[in-house]
Every structure is written in structure tokens, then in C-alpha cells.
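Open the model in your viewer and keep the selection tool at hand. The stops below each say what to select and what is found there.

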Amino acid sequence: MYNDNPTLDHLKQIDEHKQGEAFSLTETELYDPNYKYFYIESYGCQMNFSDSEIVASILGESGYRPIRQMELSDLILINTCSIREKAEETVRKRLRVFDQVKQQKPGTLVGVLGCMAERLKKKLLEEEKLVDLVVGPDAYRDLPGLLQTAETGEKGINVILSREETYADISPLRLDSNGITAFISIMRGCDNMCSFCVVPFTRGRERSRNAFSIVAEAADLYERGYREVTLLGQNVDSYKWSNPESGATVNFAELLAMVARVHPDLRVRFSTSHPKDITDEVLHTMAAFENICNYIHLPVQSGNSRILELMNRTYDREWYLERIRSIYRILPDCAVSSDIIAGFCSETEAEHQDTLSMIPLANYSMSYMFFYSERPGTLAARKYPDDIPLEVKKRRLQEIIQVQNKVSLQHNQADIGKTYKVLIEGDSRKSDQDFKGRNSQNKMIVFPKAGNYKPGDYVWVKVNDVTSATLMGTLIS
Ligand code: SAH
Ligand code: SF4
Ligand code: F3S
């Protein structure tokens, strides 16, 4: 078959030779000196991983192929995250590694993309001498031009944020994909001003992507064998797109239904929901479609109303618990997960206890848990002293993790004996005799292979054992 997209073709070759002995080619042998190659690493949220696929598509248009060996590349890119100090430290460490590659292969260009590029702007070029390109999240279309600048030995920088850019027309080049599950970015930026959070500064104003381009991307993925899409946004519940021709608007519940109608065998997930914006209309839409997964990531951040107010989350403990009750009323089988921050400015032990008590009350299946990390320029950094000692933050975080692990284990134990519809994603990490896949509630289930099933198939699996992180089961024919 003729494939006129050299980049896609190349990715396919890499995938094939990764799959087994039949392809004894190494990546070095696939390397064709007539092409230019880029290597990309992504950090941070799913949005960043999704953006890297847009970047790959834009670079593909200007003749760059992706490669998984950075030593062979002409261009090394790192898509960065600024959410916590540690995230930025990781990036700086990676830049040291890239520096070594660059010394061995002079002429290799190094580019910093994403949130750290946006936060630090020109300062990044001053601080990190090896960096040739600094490109913010709304400037990726400018990459080919910036690369030309960098090739002449000058530095290329574009960190202009946009009120319109959604990359709606760009078909992402799926990187490191399992061919079954994919992310679709439905909006960009964030208009909330949570006082701890750097995202509004690094990602700019909230804007929603054309609903039809989202549905078209989902339909194309389904055609290509994908069976699950996750709709991405910092606050998906405030999705709102107005059709410039008809003036009609599409809200998030309506968008969910539009994507769910692409095909009953295409699962739909979404992330992240904001407790102040998630509506009963969304919950009823989830209930109406079997293929919209029963799983909501609803970050609470803190279980205490005074802290929530300082965080500027615009809901309190009662409001949050009311939303949780509505979820379980309308969607009895729904799993809910959370993000939790320990040791925010001025948090007392009693307020920390409110966070601990929230975990069993909301019955989270799992949580992402962090200790507070002050970010320069945020409301909290300007208004509230970061006054909880590091040891106290770490101890509170450990307590939160312990409670969550216990609740996760109980949540999973309640699944023993139940049978779930599972979408097979591939071999389990530990054994090629086992498949892994997820149920609607987003829980990973590992089970021994049987029959002729393959990734992308739906199967019924009965759970017979669990840990706090995974379910183990057997296929039900
Ligand atoms: N838009 C999402 C969150 C995106 S950031 C939402 O509103 O829920 C992902 C998570 O990182 C946040 O939910 C929060 O728990 C955590 N986080 C953000 N800023 C942080 C900071 N300064 N210190 C520690 N954790 C932080
Ligand atoms: Fe950050 Fe709040 Fe926006 Fe989430 S909703 S990205 S936490 S400002
Ligand atoms: Fe990090 Fe930016 Fe996402 S700061 S969490 S990569 S939006």
C-alpha cells in the first residue's frame, strides 16, 4: 500500500519492528539520512501529551519524522509542565542529558515547549544556554518558522498566548499509541483562578473547540480501530461552543451525546470536571448512553470550606458533597476520583482532618495527591505565606495517601465476584500471557488470555482478586 505520509509510514515501521522478532531492523537501520528527525518527551497532564501529537503533526508537514532514539535526532523537544516545582526540576535534569547528546552531535537543536516555556519565556534562554527554541502552548503553528530561525544559529522564541487557537483543523499524529485509546482535546486554557494554580498563566484564556471537528476526530479514530476517546480540558463542564454560522451553541452535555453517537462501540471518557460546574444534565447524559463511561474525575483539593475559599475554588464542602450525592443517585455504578493538596497556606490540623474525612465520604476509587508547592505569580504566592513546614506537608500527605489506599482497597474489594465489560488495551505489564483492560469505572483489570481475543475487543471479565490499584479476573465466555 502506498502511504504518502512519510511520517506516519515511519511510525508504522517503528511500531512493527518493536512488535517482535519478525522485524529484526533496529531503529538505527530504519534511519534514513535523507530525512530530518525529531525526538519528543512529554511531561505534565494529558493535555501536554495531546499537544505533543499536534506538534508531531505540524513537524510532519515540514518533513520531520519522529524517532525514539534521541541520539539519532536533529531536533530534541521537551514538552514541559510547571504545575509544581518538582515538575520543573525534572525538566532541568533532562536538559542536562540533552546537553550531552548535543555535545556529541553538534548542530542538534533543543526546544522547550509547553507550560515552562510559557512561564519563563526569554528567561529560559538566558538560564539554559543549550536551548535553541522556546515555544508556548498556543504557538505551535509557528514551529516550522522558528526552526528555520534556529537553524541559522539564532534563538527562536514565540510565547504569545491566543484567545482563539484550538488547533481544531490539525489531525494529531498519535505517538506511543496503543491503537485503542486516544485523547481528544476539546478546549484550551482556563478561566478559573484557583489561587495555587499556574495553569491560567501558562495556558491562557479558556476557549472551546469547534464541536464538529471534535466529532470528526472521534469518528476518524473509530474508523482506524480506536475504541475509546478521552475528551480533555482543564474544566470540561464549562465547554461552550457557538456555531459562527447558525449561532447555535453546544454545551458539554450536548457534546458528550454527539461524541457518544459516533458509534456504540466507541467508549467516551472525559477529564477534568470542576465541582462548581458539573451539572445534572451531564450526569443524565452519562446515564443515557452505555458507552459514556461511569467515571468522573472530580478534584476536591481540600475537604475544608475555609481552605477551599482561600484556594478560590468557589465551592465549599457542602456543595461538593451535594454533587457527590447527585452523582451516586443518578449513576449508582459511577466511580469518582480526586486530586488533593496537602498543607496549603495556613491549613490547621483540624482542617487537614476535614480532607481526610472527605475521602471515605466521597468514596474515591483513587486520587492524585500532592503537597502544596508555591508557584511564582499565582494569587496564593502573592497573598498568602507558604507557612506549613515541609515536614508537616509531607506528613499530612502521607496520612492522605494512607486513607486513600485503604478506601481504594475497599472500593476494589467490593468488586470481587462482579462481572465487568472490559475493553482490551494490550498485554499486561508483567506477562504476555495476560491481557489488561479497563472497565467503565476506569479500573484496570488483568486477566489470563483465552480464545482469539485481541486488543480493541470488548470482553466480560469476572473479578476474583484485587489490590488497592488493580483488579484481577477471568474471562467469561
Ligand atoms: N484543571 C484541573 C487541575 C489541573 S492541575 C482541576 O481544576 O482540577 C492538576 C492538579 O495539580 C490539581 O488538581 C491540583 O491538585 C494539583 N496542583 C495544582 N497546582 C498545585 C500546586 N501549586 N501545588 C500542588 N499541587 C498543585
Ligand atoms: Fe488550575 Fe483551577 Fe484551572 Fe484547574 S480549574 S487548571 S486547578 S486554575
Ligand atoms: Fe502542567 Fe501545564 Fe498541564 S502546568 S499540568 S502541563 S497545563
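Which polar contact joins the side chain of Asp427 to that of Lys449, and at what distance? Select both residues: their side chains are joined by a polar contact of 2.7 Å. A polar contact here is a pair of N or O atoms within 3.5 Å; within protein, one must be able to donate a hydrogen and the other to accept it, and residues adjacent in sequence count only if both atoms are side-chain atoms.

This is a predicted model, in which local features need pLDDT of at least 70 and side-chain atom pairs count only at pLDDT 80 or more, while totals for chains, interfaces and linings use all residues. Residues are numbered from 1 along each chain as its sequence is written, chains are lettered from A and ligands numbered from 1 in the order in which they are written, and side-chain values use heavy atoms, with hydrogens and water left out.

**Asp427 and strand β17**

Stay on Asp427, which is found in strand β17 (residues 419-427). Helices (H or I, at least four residues) and strands (E, at least two) are DSSP runs, numbered from the N terminus. Asp427 is partly exposed, at 36% relative accessible area; buried means under 20%, exposed over 50%, and partly exposed in between (1.4 Å probe, protein chains only). Leaving aside neighbours within four places in sequence, the contacts of Asp427 (heavy atoms within 4.5 Å) are Asp432, Asp434, Phe435, Lys436 and Lys449.

Next select Glu425 and Arg438, which form a salt bridge with the closest N and O atoms 2.7 Å apart. Glu425 lies in strand β17 and Arg438 in strand β18 (residues 434-438), so the pair ties together parts that are 13 residues apart in sequence. A salt bridge is a side-chain nitrogen of Lys or Arg within 4 Å of a carboxyl oxygen of Asp or Glu. Glu425 is buried at 9% relative accessibility, and Arg438 is buried at 18%.

**Helix α4**

The structure holds 40 salt bridges. For another of them, select Glu88 and Arg119, whose side chains meet at 2.7 Å, N to O. Glu88 is in helix α4 (residues 85-104) and Arg119 in helix α5 (residues 115-120), so this pair ties together parts 31 residues apart in sequence. Glu88 is buried, at 7%, whereas Arg119 is partly exposed, at 25%.

**Arg227**

Move to Arg227, in the loop between α9 (211-223) and β10 (228-232). Does a buried or an exposed site hold this side chain? Arg227 is buried yet has no salt bridge, and the nearest side chain of opposite charge, Asp265, is 5.5 Å away. Lys and Arg count as positive and Asp and Glu as negative; His and the chain ends are not counted.

**His352**

Select His352 in helix α14 (residues 349-362). His352 is buried, with a relative accessible area of 0%. Its side chain makes a polar contact with the side chain of Glu399 (2.7 Å).

**Ligand 1**

Finish at ligand 1. Of the 15 residues around it (a heavy atom within 4 Å), Phe196, Gln234, Gln301, Asp339 and Ser373 come nearest. An oxygen atom of ligand 1 lies 2.7 Å from an N or O atom in the side chain of Gln301. A polar side-chain atom of Asp339 is 2.6 Å from an oxygen atom of ligand 1. Taken alone, ligand 1 exposes 550 Å², of which the protein buries 90%; accessible areas come from the Shrake-Rupley method with a 1.4 Å probe, and for residues only the protein chains shown count as cover.
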